[in-house]
Amino acid sequence: MPSPLPCPLPLRLGVNVDHVATLRNARGGARPDPVRAALLAIEAGADGITAHLREDRRHIRDADMTRLKAEISKPLNFEMAATEDMLRIALATKPHAVCLVPERREELTTEGGLDVVGQHNALAPYISRLNDAGVRVSLFIAADPAQIEMAARLRAPVIEIHTGAWCDAVVDGHAQKAEAEWKRIVGGVALARSAGLEVHAGHGLDYATAETIATLGEIAELNIGYFMMGEALFVGLAETVRAMRAAMDKGRASLLRGAGAA
């Protein structure tokens with residue numbers, strides 16, 4: 001479904017380098033280097049780099065975050081759980097943005113959006129301290145009206161919509177579920193923009209779903225990692241970044257053509 005906005009926002013690509021670190025940590029040592037991957041992704045057209053410093057340090061490590069902030073020329077998006085230890089590191093690192101995400105030690109990957117409704121009292125001081133430090137705060141949430149409205153009340157300037165359920169349904173061929181999830185995303189994006197929030201999206205996106213979601217002109221950024229690192233094994237990271245950028249541009253161009261026809 002195309003965006004109702006006559007002038008869609010520019011669409012940025014954030015490349016998540018977590019799983020370069022996952023591969024490195026499987027054997028120990030320093031290679032492959034996630035910072036080298038970040039630099040290559042930027043050279044190939046990425047608009048920013050995302051990295052999730054988990055409490056168990058299963059992939060990205062503290063030194064990676066320090067080096068990313070020091071060495072990359074594009075914005076760094078620091079994903080983290082809302083804990084005092086992570087807040088301390090984020091305030092010391094001073095990334096362009098912090099994305100607060102839910103985190104459980106036993107999960108393989110982030111399984112859902114942050115419950116900002118149920119955790120608003122706990123989240124408020126983290127958002128306030130990051131805002132005061134000049135770090136843009138994003139909340140990784142489901143496309144649920146109550147969550148979006150609470151994100152706006154908490155003065156987080158950005159939300160990132162969790163697209164995992166939609167992407168999984170598309171890949172698995174569950175058309176009815178995919179359509180229902182897509183409608184939730186469309187409605188959530190519109191509500192967030194009406195509340196004055198900048199909207200990002202991510203989790204599970206591949207070339208096809210990135211092209212589709214790029215038709216929502218209210219979305220300003222996609223953050224994509226796991227699929228791209230898998231593709232990079234076969235065609236190289238630079239080619240993967242260029243192909244993802246092309247898919248996003250194709251989706252956004254179809255929106256512009258539709259607006260012109262109207």
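Predicted model: local features only at pLDDT ≥ 70, side-chain atom pairs only at ≥ 80, totals over all residues.
## Overall dimensions

The chain holds 11 helices and eight strands. Along the principal axes, its C-alpha atoms fill a box of roughly 55 × 45 × 35 Å. The radius of gyration is 18 Å, which agrees with the value near 18 Å that a compact globule of 262 residues would have.

Buried residues account for 50% of the 262 residues in the chain. Among contacts with a separation of 6 or more, 70% link residues 24 or more positions apart.

## The barrel

The eight strands form a closed barrel in the order β1-β2-β3-β4-β5-β6-β7-β8, and the pairing is parallel. From one strand to the next, the twist averages 25°. In general, strands of a sheet pair through backbone hydrogen bonds, in either a parallel or an antiparallel manner.

One of the pairs is that of β7, residues 198-202, with β8, residues 219-224. These two strands run parallel and are joined by four bridges. Within this pair, His-200 stands opposite Glu-221 of β8.

## Thr-163

Thr-163 lies in the loop that connects β6 (158-162) with α7 (164-172). The residue counts as buried because its relative accessibility is 0%, and the cut-off for buried is under 20%.

The side chain of Thr-163 reaches the backbone oxygen of Gly-202 at a distance of 3.0 Å. Gly-202 belongs to the residue range of β7. With neighbours within four places in sequence left aside, the contacts of Thr-163 are Ile-185, Ala-201, Gly-202, His-203, Leu-205 and Ile-213.

## The nonpolar core

The largest nonpolar core has 75 residues. Ile-49, Leu-139, Ile-213 and Leu-222 are the members that touch the most other members. Helix α8, residues 175-194, supplies the largest share of this core, with six residues.

Residues up to four places away in sequence not being counted, Leu-222 touches Leu-11, Arg-12, Leu-13, Gly-14, Ala-201, Leu-205, Ala-210, Ile-213 and Met-248.

Key: Residues numbered from 1 in each chain as written. Heavy atoms only, no water. Pairing = 2+ DSSP bridges. Axes fitted to C-alpha atoms, helices over the stretch in contact; angles between N-to-C directions. Buried < 20%, exposed > 50% of the residue type's maximum accessible area, 1.4 Å probe, protein only. Polar contact = N/O pair within 3.5 Å; in protein donor to acceptor, adjacent residues only side chain to side chain. Contact = heavy atoms within 4.5 Å. Core = buried A, V, L, I, M, F, W, Y, C linked by side-chain atoms within 4.5 Å. Rg over C-alpha atoms; globule rule 2.2 N^0.38 Å.
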